[in-house]
Every structure is written in C-alpha cells, then in structure tokens.
Amino acid sequence: MCAAFSHIYLESRAEDYPETKRLLEKFSDSTVVSIRHYKDVFNRPAQDSRLQNGSKSLILAVNDRKKIFDASPVCQDFGMGKFYYAESAMNCVFSCDYCFLKGMYGTSNVVIFVNQEDYLKECEEKLKEGPVYLCASFDTDLGALSKVSGWMNVWEGFASTHPDLTLELRTKSVVDSFRNDPNIIYAFTLSPDEVIDQFEKMTPSLDARIACVNQAIAKDAQVRLCFDPLIYIKNFELCYNRFVDKILQSIDLTRVRDISIGTFRISSDYLPNLRKACPDSSAVLFPFDREDGFCVYPADVRSRLIGIIKNELEKAGYGNKLYIIP
Amino acid sequence: MIHVFAAIDCEVKALRHLVSDDLEIVLTGIGKVNAAFAVGRTFHSGFTRQDLASDVIINIGTCGSDDLHGLFLVNKITDDAAGKDYYPDILRVTGLPEAPLITVDKVKTDPEPGCLYDMEASAIYLAGSKLISPDRMIFLKMVSDNGDVGRVTEASVNALVESYVPKIKELITMIRDGISPLSVKSNEDLYDLLKASASMKVQIDELMRFAESMGMDGRKLFDEAGASEVTSRAGGKEVTARVRSVLTHLS
C-alpha cells in the first residue's frame, strides 16, 4: 500500500534534504504548504483525527532535539539490556482503533523526520556506551511507511555495519524485502481476522501477514511474532483458539526467533483521546481496570487471553520462545 | 450551525441569499479587532467545544494579490504583525485552487507574488480556534485588487462576490453533508434507579457505551441485573458490578 497525501506540510529547513526531495517527487500531486515548524500543524488544538483519517497529510520536518529515547516500562525488552526507541517518524498510515498513537497525538497526520544522518550519529553515540537494542518502528509502522519513506532501509543499512546494535522493526504491513543479518529483527504483529476487520483498519489480512512472515523466514531473516495486543472481543476464546491453530499450521515456528504475548494496555492519560478518536469501538470502550497509571483488562481476562495462546504454544513445544507481558 | 463571517456590507449583501435556518451571516467590520470581536460575540462564553461540535465557521471576503485571480481556499494564514502562522485543515475535495493568505493591519500596496492579502482572517482563525476545530474553519477569498484599493468600489465587490455565490453554495452543501454530530445518549433514568453517585454515573455511561459497541442492549443488561429492585446506593453499586462482570466475561 502506498498512502496518498492530499497535503504535504514542509518545514523550510527540511527543503534541501535528499529524503524531502525524493518524497516531493513521489507525491507530486499533493498540495505543498510551507511551514515554519512541524508542531504548528501537528500540535494544533482540537483536531478532528477521525475526519483526518480519511485525508491524512504528510509533514516533513527536521528533528533538532533528542531522537532516541529510553523505552517505556510496558514494552517487552526481550531480556536485552539498553532498550531504546527511535522517533524516526510520528504517527501511522494505518488506523488501528486501539493504537496508543491515537491517544498520544490527537491528529492523524504523519510526520517524517528527514535528517536521517543525525539519527545515525545519535545512535553511534549510544553504541559507544555498549550494545544497544533499538526499536526503530515505535511511534509509527516503518514497514507500512517503507512504501513512502526510505527510513527502513536506512536503519537496516546502519544495523548491517554495527553488529552491537540489535534493531527491531515492528510492523503489521507486508514488507517485500528482508536482510538476514543476525541483529535485524523483523517483528510481525499478528491478530485474528475478526480483530483485523474490526479494529485494525487499512492493515493487511492475517493471510497476507502470514505469507510475509514465511517470506522473511525463507530469506533466513530473524523473525519475531507478536501476539500483542490481544484484544477482548465476543467469543474471544473460540476466536483466539482458531487463530493460534492457524499460526501453528501455517508458520514453521522452529525458525522463529521468539514470540511475544501481551494483552491490550494503555496509559490512562491516552484513553480519553482514544475514545474520542474511535467513539464506537469496543476495543477502547471496554471498562478497564486502572493499575499504576495504565488501563488494563481485569486480571482474570488477561490471564484467560494470554492462556489461550501460551498453552497452545507450550503444548506444541515452543514454551522456550515465549516472552509474556502479564 | 454555519456561521459566515464577512467584513464589509457589500459582501454581506451579495451573500444574503445563503441565509437559512442553519446558516447566519455575521458582518464583522474591517480589521482584526472587529473580526475577533464578531467571532467572540457569536460564540459567547457560555458555549463549550462540545456544544459547538457541529458548528462551522466560513470567512468569505475579498482580498488583494499581485498575481492571483479568482476564488481561493486558504490553506495557510499568516498574521503579518505577530509573525504567526495558522493552518485550517483542508479535508474536503472542493476543486477550488488553494493559496496562502497574509493578514495585514494596513492595506498592502506592494503585495508579494503567490499570496493573498486580507485584514481579518488570522483573527477569525485565532478567535474561532478557541471553540472550533481547524477542519471546521474555512476561509474563502476572492481577489478584488492588486493593492490599488482606489479602484475597488461597492458595486465591483458586490458583483465579484455574487459571481462566486453558486460555487460557494456548492461548498456549503458539501459542508452540510459532512456534518455529523456525535449523539450522546442520556442514562438519567438509570442514574435514578441505581441511586448513582457521580463516580457511578461515569461507570454506568462507560458500561452502556461498551455494551452498545459490542452490539448489546445495555439497558436490558441492567434490568436483568435487577436495576428496578434497587433500594439503596449500595444496591446500585452491586447491580453495576454485575453488569460489568457480564460484559467483561463474554467468551
């Protein structure tokens, strides 16, 4: 999928970057509006993100502040030490009802930072302190954006020459090329079709994602499967049981590096915005428990949801590959 | 409600046929102070964003430009004096050409190419943005002069604005079609039955909305949980907890 953007908002200082020139050429039909700072557009108060979803704009900007951040404690660190995420872009061309980006940003417009070299320099500084585990597809889906931006290739190329960097590229998209470097992990979020149809709008089907996983495995790439977030839906036991059976039948899990499992959780601060953005979605209207500043499913629901996937994978002999966020 | 703001009397006269039950035309007067005052007077302090969730501001007026001609949809407004930029969200395909606009305090006699110039838009945007989202603020400007305002007359402005009324009507129809206010259902009767406190009301609303999103009749769930037999607030809490338990165990 290649998103079309009705408008491109362009920071004056971003004009001369090669990524900017490439993107402007690619989207030559878009109306270009010159801006001083991306926040003037991205952070406008009271934007209607629901309406913007049907007509997303792209913002091209230079990030002159911190680019690589410590990861959130609710993110799975897979036992790795220094766990960071890079803010290469902000927001996503997909539109998942439950996505924390909807809660965090209050807009559907997408920012791509074009000063890629500055990010690599900052990453090199981190690497001087020791091995780094970097999630490069955190505030966006870089796989989905790879049809638009060159960011995914940039990070892959950098990781290829920096073995102390373990790079995770998480996506719901169908990526079409993979590297088999041991330190580049392609992490695929997989969900039942019932969840994809209801809540993961504009994303590929489960079959398409499975085909993509198998393509990555065939290329000897490092593959991670993410059953996260598990979403509470009607008949979730039946639905997730069928789902995990399908995964076991369709993917050779012996060739998968690891598997993460987690239920939906979100900062309490983000939930009001999320509910405003998706006012009819049961994924965000669930009567959540509040724990330590996060909205979570009740403990018994979490345990049942995780249990469905965990028990089946353990029975099939893959218990040693599981990372679970309880 | 659609609120059309226009600066001068002859613009308002040319637009008078647009007035209807859901559309008013407000004469602002010339300049930013007058424009901000007119917006403030229209959306007085009693209104909240929620009250105005389906209201739309349209600023229609003439403007100057060195080299542009015709009717434009404004995609960027610069307040010349403050050095601030504002961006109305352009989310509809209108077929109109777009252009940036600079709001100035005095008539610009030497306009730069590629820009429109007016004297009100930045104030309308800024005042409007306190209550209206950027996709519901629309700025339509038609070029009447190139800074030489001596050649502009009431008759020429009237004729210019009238010539674009059919196009403006099309746009207003498009805007009306796109207005879909969020319906908020009241659960007052349940609050009464369950003798609900403020925090219980929040829980009841949450459960009712979640039930609806799951395709279930929330009111029926409360009835089945014994809502009509509640005699105390503690009993109301128990019923609410029962409904929550049902809704969170639908496997």
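What is the mean pLDDT of chain A, and what percentage of its residues reach 70 or more?

Author: This is a predicted model, in which local features need pLDDT of at least 70 and side-chain atom pairs count only at pLDDT 80 or more, while totals for chains, interfaces and linings use all residues. Residues are numbered from 1 along each chain as its sequence is written, and chains are lettered from A and ligands numbered from 1 in the order in which they are written.

Chain A has a mean pLDDT (the predictor's confidence in each residue, from 0 to 100) of 93, and 97% of its residues reach 70 or more.

The pair consists of helix H10 (residues 236-250) of chain A and helix H13 (residues 299-315) of chain A. Helices here are DSSP runs of H or I with at least four residues, numbered from the N terminus. The two axes, lines fitted to C-alpha atoms over the stretch in contact, come within 10 Å and cross at roughly 30 degrees, on a scale from 0 to 180 degrees between N-to-C directions. H10(A) is therefore roughly parallel to H13(A), a term for angles under 35 degrees. The crossing is right-handed: the near helix is turned clockwise from the far one by less than a right angle.

Residues are in contact if their C-beta atoms, placed from the backbone, lie within 7 Å. H10(A) contributes Phe236(A), Glu237(A), Tyr240(A), Asn241(A), Val244(A) and Leu248(A); they meet Leu305(A), Ile308(A), Ile309(A), Glu312(A) and Leu313(A) of H13(A). By class, this contact has 8 nonpolar, 1 polar and 2 charged residues. Ala, Val, Leu, Ile, Met, Phe, Trp, Tyr, Cys and Pro count as nonpolar, Asp, Glu, Lys and Arg as charged, and the others, Gly among them, as polar.

Methods:
Helix = DSSP H or I, 4+ residues; strand = E, 2+ residues; numbered from the N terminus. Parallel < 35°, antiparallel > 145°, perpendicular 65-115°, else oblique. Contact = placed C-beta atoms within 7 Å.
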